Amino acid sequence: MSRFARRIELEGKIPTVGASGVNIVRFKDYDLQYSNGMPIRYVAFPFPVAGQPRSVHKSYVEGKDLLSGKPMMQAIIDALTMPLTDEEKKEGMPAEAAPEPKLLEPDTEVNLRRLFKEREWTDFNPIILPAEERVAEMLKGTSHQPDEVVSKFGSREMTVEKAAIYAVMAGAKPEYFPTILATLTQAPSFGNSTSSMANMIVVNGPIRKQLGINSGTDVMGPFSEANSVIGRTFTLAGKIMGDLRLDEGAYSSLGSNLQYNNVCIAENEEALPEGWEPLHVQMGYKPTDSVVTIGVGWSYISSVGEAQINHPPHMMFRDYMRSLTGMGATIVMDPTVAGLLKETQGFNTKAELSEWLSKNIEVAAGTYWGNGVNTTAMTPMALQGMEPFATWLKVPPETLIKPFTDPKAIQVVVAGGGIQTTWFVTDFGLRRGVLIDKWK
Amino acid sequence: MKKKILLDSFLFLLVALISIGVTSCITGQEDTAKNCDERLITVLNPAISSRMVERVPLAPRIDTLEGKTIYLVDLQWGGPKAAYSVFEEMEVWFSRNMPSVKTEIRRSSGGSFGDDPALREEIISKKAGGVVIGIAG
């Protein structure tokens, strides 16, 4: 919204006013500081706006602007007509903010712990304070220079040294650091959404064994130091880099418990059925490469119990995946499930399974458009005539459609200990993996 | 015998108190840990320096909306019907209260996160008096 308003103001010299629910407008200063640079004028409606009947919308228009307290339409008129303040006339680069010092003032451990909590430099589980010698030790885990930039967010740059600080805080060992650095190239990637986004981190290649990253029994549980710490570092780094503080930069209505660890797992490559390639090999990497793959998603549904012969796992995947958006999916299955799918159902590769699911998952068009993420993201494409979205928007709501149009967006990861024929379907959309060796 | 019981009780209490104190220091409970260790330590700063992006001023405002065309642009947050009637109600309000104001309701083809160059061009070429853009939430 602010980008569109900015262009109209800038290119057309035409006044605009942004109108939003109060839940969004309250974060306008974050947008101004890190993204837009133009102090867009806003009015705020009560939340929610979307999905309310016209009678409610009428009451909003006839009610008060929750920012100024004025009648809504008067507030809109004022936003378009009231002369600019000095603050709104400012232009150019702002005065450099005082740069963050490399070191914090020396203090007691208790006071420092309190400071870290006050500044929200924590997930509120205990952290290791990043003392100089600890960070120096962590930096020995990579050949990269401390000032090298790992990732950027607006004007904020995460350097190797900052990454080392976060790794120390999470409890990492120096040998984990290259994997952590590869992971942090994808940071930050949660928080700036009203929805409940989280991440999934999947590690492939020899590094799994070298670091002891669990790919077997209880792979998703709290039973492995490496899985726990690498996943946690991603969250600490993302929070601090993105300046994601509660009700400041972080505004997910429900949040996600998965953000504590980001489903950090390794693939059980040794237990893959013959013909089923590891995730990183599917992406074109060599089996001997060590790769970390990250993706964003929301949902995580378990099979709960064991596989059944009369309704085998791929059919259950299909049934469960009807609940997902269709934009992407990652299925995490025990090796025994992969074995069953190959031996009894004839899926000779992961790709064959993805292809089958893409062709067989059907949902009613009304259900598809009932998902707010689909509606917000795909409606513009439909209105621009892009298929199949344009057709899906026109058909009667009970018409069955196949939302997973791209089989390659359905990823399969084999992990687990061979103790139960169990699996999860998720809507995590994995991006291209990152080479870990590059960060050694 | 009575003396031995008293001595045992005293020793038990002493061990328990020491244990509680040690545990508090280890776990870092703030009220007691402070007494355990007043040493000053130096740690690196996790915060990342940043500055505001380049500031761009707003366009000058107009004196009045009377006689002007106001565009009401729906970014379709939540879909094409989610908030459209808010704009319809704004149009009703203008027609009743400021009839000289002409309103144009448009849906942006770029949705909530994209652009709609054709619509921007239309708004600029028609010299709109102002634009109301929304509605997220």
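What follows is a short chat about strands and contacts.

Reader: Before we start, what am I looking at, and how is it numbered?
Author: Residues count from 1 along each chain as its sequence is written, while chains are lettered from A and ligands numbered from 1 in the order written. As for what it is, local features need pLDDT of at least 70, side-chain atom pairs count only at pLDDT 80 or more, and totals for chains, interfaces and linings use all residues, since this is a predicted model.

Reader: Is strand 1 of chain B mostly covered or mostly open, and how many of its residues are buried?
Author: Strands here are DSSP runs of E, at least two residues, and helices are runs of H or I, at least four, numbered from the N terminus. Buried means 20 or more other C-beta atoms within 10 Å of a residue's own, with C-beta atoms placed from the backbone (exposed is 12 or fewer, partly exposed in between). Strand 1 of chain B, residues 69-74, is mostly covered, and the buried count out of six is five.

Reader: Which residue is the bridge partner of B:Tyr71 in strand 2 of chain B?
Author: Strands pair if DSSP finds at least two bridges between them. Strand 1 and strand 2 (residues 102-107) of chain B have six, in the parallel sense. There, B:Tyr71 has as its partner B:Glu104.

Reader: Which residue of strand 3 of chain B stands opposite A:Ser20?
Author: Strand 1 of chain A (residues 16-21) runs parallel to strand 3 of chain B, joined by five bridges. Opposite A:Ser20 you'll find B:Ala136.
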